Structure formats: C-alpha cells, structure tokens
Amino acid sequence: MRQVLVAGNWKLNGSLAMIKTLIDGLKAGMGEGTQAEMAVCPPFVYLGNTLSKIEGTAIALGAQDVCDQDNGAFTGEVSASMLKEFGCRYVIVGHSERRSIYEENDEFTARKFAAVKRAGLRPILCVGELLDEREQGITEQVVARQLDAVIQKTGIEGFQDAVVAYEPVWAIGTGKTATPQQAQDVHAFIRRRIAQHDQAIADRIRILYGGSVKGNNARDLFAMADIDGGLIGGASLDSEEFLSICKSA
Ligand code: PGA
C-alpha cells in the first residue's frame, strides 16, 4: 500500500508573514481527517524558518531545487547536504520551470537527482510533456526519455525511496487539469517503464500528479489506481485549499 503524498511547491512566493499564516492554518486544520503525508517546499531562504514552524508536526519539508555538485566553487548554489541539515526530506528536481525557463536538460536533471540521493534525501523527479508534444502523440516518448536519463545515471536503484511527479506542462498554472484518465494512462506507463527494470521498486514508488490540482478535483485524481498524490503549486499557498486536497486522499 502506497501512502499518498501531497507536496506543496510554493515556487517564488512567500514572506515571513505569509509563511506564518499558512503554517498556522495548516496546523489548525490538520486534525485527524487526512491519511496523506503532507510536505511543503518553500524557497531556500525560508527553509530554516519553515522548519522551526513545522517541527513536532507531521508536515515534512522539501526544497524546490538543488545543485548537482556537493561543494566547492559554485557561487549561488545550494547543496543537498545543506538541505539535509535544514531538515529537508524531499527535493524537487527537473520541474518544468527549471527545464524550460532555465534550460536545464535531462542530463543535468539526472545529475541533480544523483546529488539528492548521495545526501540520503528523496528526490521528487518531475516529468511531463508540452502541449505540442501531447498533440503530436509523443507524450510517452518524452516521459520515457526523461525517466531513462535518470535510470542511466543512477541505475534503477536510484528510484528506491524516490518519488516521480507527472506534470503535463500544459496543465501547470493554467487551470487546465488533465482528466483523471489522461493522468492515469501516463502514470501507468511510468510504473511499467520502471517495472521493466525492477518490479518491486515500481510497485512501491509513489507517482504524484501535478498541474492545476485543487480541492475540487483532487478526489477524482487520487482515486485512480496509479496516482499516489499530488504536487501542488498555486493551491498550496492557501491553507484551506491545500488541506482540502490533502483530505481528498
Ligand atoms: P499548479 O503547479 O498546481 O499551480 O498548476 C503545479 C506545479 O508546478 O508543481
């Protein structure tokens, strides 16, 4: 049985005041009503502050990105071991905004994934196709290429304790969600692709869906056999909306 994971990707949003309101809201509303594991991924500079606010709760901490190198002359970068020291359990790698806006390719993403594993943290590897790629009917090819780059780098063992997030790029921040069946089809494909290398890892790995998940569509998505939770952008900035997604698990 895979425990549902709902991770909030705050992106380039937040302030000390906003984080206080958000975490207070989550703590007040968490109660018993959720089976899901909840995680929040603030910008780097707020990790310490967020950690101090969630300590002693069931909320896990994650980072949005990481350096592919462990230490040294890499101005502006943050390493996985630093994230570990600040209490992170998860690290998002290969988010489509990193891939498209910052031109990070599959190989570079695979190196970041490997860096997260070296530090003993859990990568959340984002994969997903552009609208144009879906329309060309090459969604599976794109997702396979993104997965294979990581498998080639770390071996399938790298996926032990890792998380995959399927995020169709056309659904991110657009209000356009994939239908549960569209998402399920790709999730099943991802699991099959991993199973070609290791059935046990494929059975255990959590595959999250991301892209305009809200309180009102989460239940139908999470009901699908291969959807094990969500990576939530916009809706993770509002405690009530985020809690309602978590409670849909
Ligand atoms: P969204 O973002 O929920 O705002 O669509 C999801 C993501 O980018 O992880």
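Helix α7 has 16 residues, and its first and last C-alpha atoms lie 23 Å apart, close to the 22 Å expected at 1.5 Å a residue. The expected span is 1.5 Å times one less than the number of residues. Helices (H or I, at least four residues) and strands (E, at least two) are DSSP runs, numbered from the N terminus.

This is a predicted model, in which local features need pLDDT of at least 70 and side-chain atom pairs count only at pLDDT 80 or more, while totals for chains, interfaces and linings use all residues. Residues are numbered from 1 along each chain as its sequence is written, and side-chain values use heavy atoms, with hydrogens and water left out.

**Helices α7 and α5**

Among the buried residues of α7 are Val142, Val143, Leu147, Val150 and Ile151. Buried means under 20% relative accessible area, exposed over 50%, and partly exposed in between (1.4 Å probe, protein chains only). The cover over the buried residues of α7 includes α4, α5, β5, α6, β6 and α8. After α7 comes Gly155, with a positive phi near 75°.

Helix α5 should span 18 Å, because 13 residues are counted at 1.5 Å a residue; its end C-alpha atoms are 18 Å apart, which agrees. At the start of α5, a side-chain oxygen of Asn105 comes to within 3.2 Å of the backbone nitrogen of Glu107. Just after α5, Gly120 has a positive phi of about 80°. The buried residues of α5 include Asp106, Lys112 and Phe113, and the buried residues of this helix pack against α3, β4, α4, β5 and α7.

**An aromatic pair**

Rings of Phe, Tyr and Trp (its six-membered ring) pair if their centres lie within 6.5 Å; planes under 30 degrees apart count as stacked, over 60 as edge-to-face and the rest as tilted. The count by this rule is two aromatic pairs. Phe113 and Phe159 form a tilted pair, because their ring centres are 5.3 Å apart and their planes are at 35°. The pair links distant parts of the chain, with Phe113 in α5 and Phe159 in the loop between α7 and β6, 46 residues apart.

Glu37 lies in strand β2 (residues 37-41).

| Residue | Relative accessibility | Class |
|---|---|---|
| Phe113 | 0% | buried |
| Phe159 | 1% | buried |
| Glu37 | 11% | buried |

A polar contact is a pair of N or O atoms within 3.5 Å; within protein, one must be able to donate a hydrogen and the other to accept it, and residues adjacent in sequence count only if both atoms are side-chain atoms. The side chain of Glu37 has a polar contact of 3.2 Å with that of Arg89 and one of 3.0 Å with that of Arg206.

Methods: Contact = heavy atoms within 4.5 Å.
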